[in-house]
Amino acid sequence: MNESELKIDFVDLKAQYRALKPVIDGRIQRVLDHARFIMGPEVGELETRLAQLSGARHCVTCASGTEALLIALMALGVKPGDEVITTPFTFIATAEVMVLLGAVPIFVDVEPDTCNIDTTKIEAAITPRTRAIMPVSLYGQPADMDEINAIAERHGLAVIEDAAQSFGARYKDRWSGNLSTIGCTSFFPSKPLGCYGDGGAMFTNRDDLAQAMREIRVHGQSQRYIHTRIGVGGRMDSIQCAVVLAKLERFEWEIEQRMAIGARYTQYLSDLAKDKAELLSLRSDRSHVYAQYTILALDRGRLQKHLNERGIPTAVHYPIPIHLQPAYTQFNRRDVPVSESLASRVISLPMHADLSEDTQRRIVSAIAEAPVAR
Ligand SMILES: *Cc1c(COP(=O)(O)O)cnc(C)c1O
């Protein structure tokens with residue numbers, strides 16, 4: 001085996017670029033030629049394509065996944081003192097945007113086998129101040145959106161799906177991102193659909209919210225230099241839209257690859273490494289795009305060290321739940337034991353659409369050979 005065969009990438013963006021080089025280069029070159037770097041024709045083209053793909057009436061692109069969540073909350077009129085229900089077991093941005101608006105994140109625990117919000121615990125967290133529920137479709141598997149929407153409907157709440165990791169996954173044959181009042185995704189380079197910088201998008205079927213989000217994205221501007229509402233500088237630039245448009249060329253293939261690679265990990269791990277790690281579940285009414293393939297290690301420190309020594313990169317999503325983060329101690333709580341336990345056990349394995357079966361076998365064999373926890 002030569003060097004390059006030995007080295008395993010956690011996410012291989014170079015292989016993806018090699019496969020799409022003529023399309024990506026051509027798309028970027030066109031932006032350089034027309035020079036409309038902000039709000040160029042690629043922006044509208046991408047929004048139309050993503051709306052068609054997801055089935056949503058509107059897609060509004062923006063500067064990042066974080067910005068998408070922020071703009072969504074602003075469009076819904078979330079204000080200081082409002083409560084928004086989410087989980088503490090997610091990337092910081094989910095709660096950060098609430099706190100930025102003076103709203104209060106209310107952390108509800110997650111299911112131990114999917115790491116998504118435990119819908120049976122949502123209703124107990126609703127108060128007269130609750131404005132919205134923001135479930136996260138963690139690792140690429142949609143949360144139980146029908147159940148969440150039903151609860152929201154009973155209490156007159158909006159639902160924002162944080163679909164930053166799950167765009168491309170289906171829930172009962174519908175696209176993640178188009179499952180609630182607003183869905184938000186991210187085009188961070190390593191997400192299932194990524195650009196070459198920062199980018200994001202919001203999806204909705206409501207005309208009023210789409211209009212509000214379009215305005216908020218450009219400083220609350222309804223006409224040039226007429227600022228109807230408070231907004232942000234939150235546009236996605238033309239070159240990033242061009243990159244996503246190019247990547248759509250094989251996105252469906254990548255989704256299928258990701259699903260197949262995820263299924264293969266599950267199979268190999270249950271055959272060979274049952275005593276080294278516990279596996280998460282995939283619900284039968286949805287698909288999973290495996291933004292991360294994450295397992296529960298019996299002894300994470302040892303497993304991570306063992307894999308690292310064999311050239312296998314791993315990551316931890318996420319080691320500290322948000323309610324225990326130093327800047328979030330005012331939102332501390334005691335009733336999220338599942339999130340706390342998961343944070344100490346999760347470990348993510350290399351995952352990307354070009355991951356070969358051989359490499360997967362090497363990774364799983366290495367896990368199987370890891371020292372047993374005692
Ligand atoms: C990546 C991510 C975000 C933020 O997206 P950015 O584009 O990096 O701002 C938000 N929520 C979750 C769950 C994410 O994984």
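The legends below describe close-up views of a predicted model.

**View 1. The two domains of the chain.**
The chain divides into domain 1 (13-107 + 122-249) and domain 2 (251-368). Between the C-alpha centres of domain 1 and domain 2 the distance is 24 Å. At the contact between them, 37 residues of domain 1 meet 33 residues of domain 2.

**View 2. The largest cavity.**
Three cavities of 30 Å³ or more are present in the structure. The largest cavity has a volume of about 110 Å³. It is lined by 16 residues, and Leu13, Gln16, Glu254, Arg258 and His352 are the closest to its centre. Two elements, α2 (13-34) and α9 (251-272), each give two or more residues to this lining. By class, the lining of the largest cavity is made up of seven charged, five nonpolar and four polar residues. The largest cavity lies between domain 1 (13-107 + 122-249) and domain 2 (251-368), because both domains give residues to its lining.

**View 3. The largest pocket.**
The largest pocket holds about 410 Å³ of space. Its lining has 24 residues, of which Phe91, Gln165, Phe188, Lys191 and Tyr318 are the closest to the centre of the pocket. The elements α4 (65-75) and α5 (93-100) each give two or more residues to the lining of the largest pocket. Of the elements, α4 gives the most, with three residues. Sorted by class, the lining of the largest pocket has 11 nonpolar, 10 polar and three charged residues. Domain 1 (13-107 + 122-249) and domain 2 (251-368) each supply at least three residues to the lining of the largest pocket.

**View 4. The pair of tyrosine 17 and tyrosine 196.**
The structure holds nine aromatic pairs. In the pair of tyrosine 17 and tyrosine 196, the ring centres are 6.4 Å apart and the planes stand at 75°, so the pair is edge-to-face. Tyrosine 17 belongs to helix α2, while tyrosine 196 sits in the loop between β8 (182-186) and β9 (200-204); the pair links distant parts of the chain, 179 residues apart. Tyrosine 17 has a relative accessible area of 27% and is partly exposed. Tyrosine 196 is also partly exposed, at a relative accessible area of 33%.

**View 5. The pair of phenylalanine 167 and tryptophan 175.**
The ring centres of phenylalanine 167 and tryptophan 175 are 5.2 Å apart, and their planes are at 55°, so the pair is tilted. Phenylalanine 167 counts as buried, with a relative accessibility of 3%. Tryptophan 175 is buried too, and its relative accessible area is 7%. Phe167 and Trp175 belong to one aromatic cluster together with Phe203 and Phe251.

**View 6. The surroundings of glycine 140.**
Glycine 140 is placed in the loop between β4 (130-133) and α6 (145-155). With 0% relative accessibility, glycine 140 counts as buried, because the cut-off for buried is under 20%. Leaving aside residues up to four places away in sequence, glycine 140 touches Gln165, Ser166, Ala169, Ser287, His288, Val289, Tyr290 and Ala291. The C-alpha atom of glycine 140 is separated by 19 Å from the C-alpha atom of valine 338, which is 198 residues away along the chain.

Terms used: Residues numbered from 1 in each chain as written. Predicted model: local features only at pLDDT ≥ 70, side-chain atom pairs only at ≥ 80, totals over all residues. Heavy atoms only, no water. 1 Å grid on protein atoms, 1.4 Å probe; cavity = no way out; pocket = protein on both sides within 12 Å on 5 of 7 lines; lining within 4 Å. Points joined across faces, edges and corners; volume = space filled by probe spheres on them. Helix = DSSP H or I, 4+ residues; strand = E, 2+ residues; numbered from the N terminus. Nonpolar A, V, L, I, M, F, W, Y, C, P; charged D, E, K, R; others polar. Domains from an automatic or database assignment. Phe/Tyr/Trp six-rings, centres within 6.5 Å; stacked < 30°, edge-to-face > 60°. Buried < 20%, exposed > 50% of the residue type's maximum accessible area, 1.4 Å probe, protein only. Contact = heavy atoms within 4.5 Å.
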